[in-house]
Amino acid sequence: MHPPPVPPTYLSDAVLHPPMERFEVEDAETAPKPRSLLSTIVNASQNTFRSLHNNVLASVMRIVDPFREGIAVVDRTYELFILKLGNPLVVKRLLYISFVVVLMNSLYYAERKDGVKGISSGGFTDGKLFYIDLLGNSLRQYIDPLVLKEDIEYVSSVSRLPGTVGDLAIARYVKSYLANNGIKSVLIDEHDTYINYPVVNSSYIRLADGTFEATLTDGLLDGADYIQRLAFNPDALATDGEIEAPYIFANYGEESDFARLSDAGIPLNGCILLVKYGGNLPESRKLVLAHELGAQAVVFISLWSDWTDANSDEHINRCGVGNTRYSAGDLLDPFWTTHLADARNLDWAASGAAPQIPLIPVSWKDGKYLIDQLGKDGIRYEDGPFSGTSGTSKRLKLKIALYGRRYQSIWNVVGSIQGREQASKGVIFGAPRDSTCFGASTSATSTAVLLSLAKVLTSLQRQYDWSPSRSIHFVSFDATDYNVAGSALWVKERKKELFEQGYTYIEVSDIYLGDILTVAANPLLHPVLLEELDKVAIEPAHFGGAQNLYQLYVKQHGRQSTVASSFLENKNYMPFINSLNMPAIDVGFRAKDPARQPMQSCLDLFENLDKHRDGQMEHQVAMTELLARLGLRLAEEPIIPFNLSHFSTMIAAYKDDLQKLLDEHLIMRGIDLNELNRATAKLLQGAQSLEDFKQEWRDFLKSSDGVEPVMLANARRFANENVVTFNRLFVASNENLARPECYNFLTGTPYVAPPYSNDGREWNSFPFVRDALLMEDARAAAWELERLTRTLTHAAELLIMYR
């Protein structure tokens, strides 16, 4: 039925249609003005919204409404059910807790796996606690002795004097090797430092009568006068023209040798001294004593070696002579990392790290000839030779020509595996790369082992989808022979970062120089090092019947099973220990008399290493596995494996050793160690508190089938922060430092100490106190002792909080 064409009339037309007044309107002459853009947009938006509401939202609401009504019915039913059970608030909480427990257990059993990856743990970022021993036992299969050998051969085929083309070429090789093995973050880190080089055909040592001239090139190589053949000492001082003077043989150049010469009335002022490498003093310290006695120059004599079966008396050792004990790094810029405008560029004479007397090395063959010319004049040393006297001694003419570059570029190579949970903490593997010649058994082997470590640990990543809890860094250091400049500059530039983030340094050097297994570690790491030694299997037939490295160590060093704590050599660990108090490890197969090893000469060729040493790479493979196990344990163990109880026990032993030093210096008898005794006892209590917490953590994880609650995980992380903070407490401020960049007053290296720890003394303990005692400065010794005692007490309080 259609509606009427017009509505029905309810009112009169007069009411509905009143008369209207007429107006005269003229026709518009122009078109009406269009609407504005804004108005158009508004209208379009409104239309779009109406269309969306009518066509989409309304349809959705029609679908959702039945579900909403159903949920309302379920909610009313749930509330009625809760009311029947009891108090609604209590019942709801119980149901919520039950639901969460079921959910957590479901996730746990869904993620749990057997094998290397281990069990789930809520405390870790990716939810995994890895079985460290299973990972460690798989390491050996990734160590390829053939690849190790090839890398040693390749690296040692190139001369690697710092700053040279060969040095840069090997740096680039290391970078590409790391990158190709899955290390994503790799860079070449360039620094500038002082480097000196010998000048070809310019240096000489002659008898003044013209009857003899020393050979100042390594006679073991044929061909042109390559720079690596020339006799020189890194960081040595050149002569200003020719020196002519009588020469005296001063044996090893130790205080006792100079005292004997003085007692015999043999003056050294104005003489040239012949001094043998080795003994109980670092070569840099011998130069300081010679300079103080007024000598004009020093000629170092390389010792005869039985490392090979021929030419063992003609090699020339090129030992670095920078005074690392005073300050590691750039000789002329000890406080800065680069040559900035405001850097303290010192004159040579003002540098405590630079030798103040000219020097040059010679072979044993030439040195012995010069000694024999002295006849039977002067004093006689224990092994037969005489010293000569300044009045009747032969005379030498000597000239040393060196070319020094103030700002020579050197290159460290750095690669990292990022940690998954505690990435801000890092384990650092550091190896020397440079060499004064070819360095097959030294820096070439160290570089090859560093590369193998990177390959082994990245293989675990690929095989087991593993990533370390803490970061692992691989660093190839340049200019190690030059006052460990590469590592020192790297540490100085990143001191704040390393101080906060690094936590252990592992030295990768001198891997196989002899048959004696030598281990050294910060006391915090003694137990973990011994445990890992026991896990590295070796071939009994080749290692005196020992089945693992621990058995070999006990066989060679006695059944006490103690680990040395001495870090006295000029190695890359120096800046990490002295500047940061970072716990360090140094392991390797070493020689009984290191000075007799021609490792800084051109005798150290790959051919000699392969022929006369371990051509099967068994020693190198064993060391690689040990280092990899240590790195894995330190990077992966949930609680940092520092043993504070053992450390505290060792501190007590160091205190007893300090007492012996006090008793030897009668002038220091007024200093007592009673307060240090009390601080040590308190430290033992605090350490036990931390060890108790660690045991409780292990027991809980065992009882909970590996589930770590969030609060317990936070407590574990807090414990890790505290053990790292513990080490930072013993780093002095910059104020009034006697030696630049030497801040560690607990386990640093004292200035006056032998180059190797072979006298039974605990030199790497209380270094500032020891230096003051040896210099007989009672006031400084008392002040340093008070600071040490105060800090040990504070450190103990930091640990006692775990009770």
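Student: In which loop is D510 found?

Tutor: This is a predicted model, in which local features need pLDDT of at least 70, side-chain atom pairs count only at pLDDT 80 or more, and totals for chains, interfaces and linings use all residues. Residues are numbered from 1 along each chain as its sequence is written, and side-chain values use heavy atoms, with hydrogens and water left out. Strands (E, at least two residues) and helices (H or I, at least four) are DSSP runs, numbered from the N terminus. D510 is found in the loop between β13 and β14.

Student: Is D510 buried or exposed?

Tutor: A residue is buried under 20% relative accessible area, exposed over 50%, and partly exposed in between (1.4 Å probe, protein chains only). D510 has 15% relative accessibility, so D510 counts as buried.

Student: What is the phi of F766, which is not a glycine?

Tutor: Most residues other than glycine have a negative phi. F766 is found in the loop between α20 and α21 (767-774), and at 0% relative accessibility F766 counts as buried. Its phi is positive, at about 50°.

Student: Which residue in β13 is the bridge partner of F429?

Tutor: Strands β11 (residues 422-432) and β13 (residues 502-507) run parallel and are joined by five bridges. The bridge partner of F429 in β13 is I506.

Student: Why is α19 described as roughly parallel to α22?

Tutor: Helix α19 (residues 674-703) and helix α22 (residues 778-800) have axes 8 Å apart and pack at an angle of about 20°. That angle makes α19 roughly parallel to α22. Angles under 35 degrees count as roughly parallel, over 145 as roughly antiparallel, 65 to 115 as roughly perpendicular and the rest as oblique. The reason is therefore the packing angle of α19 and α22, about 20°.

Methods:
Axes fitted to C-alpha atoms, helices over the stretch in contact; angles between N-to-C directions. Pairing = 2+ DSSP bridges.
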